[in-house]
Amino acid sequence: MRDWDDDRLLAALGQALKDREAVPSWFIETGKSAFAWHNIDAELAQLTYDSHQDQHAVAMLRSETASIRALTFTSAHMSLELEVTGNSLLGQLLPPRAGELEAHTRTGGISTTEVDEIGCFSVDPIPDSPFRLRCRTADGTDVLTGWITI
Amino acid sequence: MRDDPRVVALVTRASGGDQDAWNELADRYGALVYTICTRYRLSNHDIEDVGQNVWLLLVEQLGKLREPAALPGWLATTTARECLRVVTAASKTERLGTWLDDSVLFADDAVIEEEILVAERNAALRVAFAQWARCLERLRRSDVLAALGEGEEKINIRGGELGA
């Protein structure tokens, strides 16, 4: 760029500014707000089962699939089994234990529910945008799922 | 420009928890991520989805990037992969078939490389331009330009070409 003349530099600069202007501000804000997840000291639970993925294979054979969406997230110390029932999400911690469950949406909304002694909980209503669940139990286990879209 | 010490510094500060440094990264490379999304002809909704995933993945990876200077490359590759995931999911559920030409789906490394270079250059130019604009503003206030006579006029003419 060292030997560029003024015209070339101005053209490149004009293009650079135009490119930046073409990016909607909400897109940049999305990027900035992601930082809220920095340094969350929770163990990540991976999606290990999703009935929705299996369903694609059979959907073409059966037109009426009365399907119940079921998901499983697994981490080293705990797994979360989830099932969509109507407008709520029923869950079970394995091994069963009591705790607290948070549903985090991407916009920063958090709703909290209790997990009972046998490890059951329900998220009601199901967030209509992608969300992830964070579960903390009395024994200090802290687990965070990946993003879920129901 | 690929070893921009400024990028390294921003990544280091952000992984230490500095929101301002992170914001600057989002400002600097938002255009790169966005441009790649538009190349895959995604809807606004999908672009938002991909954008969120890419930045969230970066948040998780921040402290683990082996070479902070390679951040633009990481962003470009991750964005392309996320776009592909969305496109593949869409064609699975709606059986859209191959409405994207192969050149998009199998964009070779050279194309991505070129986009990274342009993004890097653009980011550097925008930073330089912002500094120049600040200097100019200070000069205007300090009457130095008035003392120089025709100086300001010339700057305004060229600045007008950029809409500044």
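This is a predicted model: local features need pLDDT of at least 70, side-chain atom pairs count only at pLDDT 80 or more; totals for chains, interfaces and linings use all residues.
**First stop: the strands of chain A**

Select residues 70–74 and 79–85 of chain A, which are strands β2 and β3, and you will find them paired in the antiparallel sense over five bridges. Within this pair, Phe73(A) has Leu80(A) of β3(A) as its bridge partner, and a hairpin of four residues carries the chain from β2(A) to β3(A).

Val84(A) stands opposite Leu89(A), a residue of β4(A). The hairpin between β3(A) and β4(A) has two residues between the strands, and Gly86(A) in that turn has a positive phi of about 60 degrees.

Now show the whole of chain A, whose secondary structure comes to three helices and nine strands, arranged along the sequence in the pattern α-α-β-α-β-β-β-β-β-β-β-β. Of its 150 residues, 23% count as buried. Among contacts in chain A between residues at least 6 apart in sequence, 54% join residues at least 24 apart.

**Second stop: two cis peptide bonds**

Most peptide bonds are trans. For a cis bond, select Leu94(A) and Pro95(A), where omega is near -10 degrees; Pro95(A) lies in the loop that connects β4 (88–94) with β5 (99–105) of chain A. Another cis peptide bond joins Asp124(A) to Pro125(A), with omega about 0 degrees, and Pro125(A) belongs to the loop between β7 (120–123) and β8 (131–137) of chain A.

Move to chain B and select residues 19–39, helix α2, together with residues 44–61, helix α3; the two pack at an angle of about 135 degrees, and their axes are 10 Å apart. Because of that angle, α2(B) is oblique to α3(B), and the crossing in which α2(B) passes α3(B) is right-handed.

To see where the helices meet, show the side chains of Ala26(B), Val33(B) and Cys37(B) in α2(B), which contact Ile47(B), Val50(B), Gly51(B), Val54(B) and Trp55(B) in α3(B). By class, the residues of this contact of α2(B) with α3(B) are seven nonpolar, one polar and no charged.

Is Arg41(B) buried, exposed or partly exposed? It counts as partly exposed, because it has 13 C-beta neighbours inside 10 Å, and a residue is called exposed at 12 or fewer and buried at 20 or more.

**Last stop: where the chains touch**

Finally, display both chains and look at the contact between them, which takes 26 residues from chain B and 21 residues from chain A. On the side of chain B that touches chain A, the elements giving two or more residues are α2, α3, α6 (109–141) and α8 (151–161) of chain B. Which of the elements provides the largest share of that side? The answer is α2(B), with eight residues, the helix already seen packing against α3(B). Coloured by class, the side of chain B that touches chain A shows 12 nonpolar, seven polar and seven charged residues.

Note on methods: Residues are numbered from 1 along each chain as its sequence is written. Chains are lettered from A and ligands numbered from 1 in the order in which they are written. Axes are lines fitted to C-alpha atoms, for helices over the stretch in contact, and angles run from 0 to 180 degrees between N-to-C directions. Angles under 35 degrees count as roughly parallel, over 145 as roughly antiparallel, 65 to 115 as roughly perpendicular and the rest as oblique. A crossing is left-handed if the near helix is turned anticlockwise from the far one by less than a right angle, and right-handed if clockwise. Two residues are in contact if their C-beta atoms, placed from the backbone, lie within 7 Å. Ala, Val, Leu, Ile, Met, Phe, Trp, Tyr, Cys and Pro count as nonpolar, Asp, Glu, Lys and Arg as charged, and the others, Gly among them, as polar. Two strands pair if DSSP finds at least two bridges between them.
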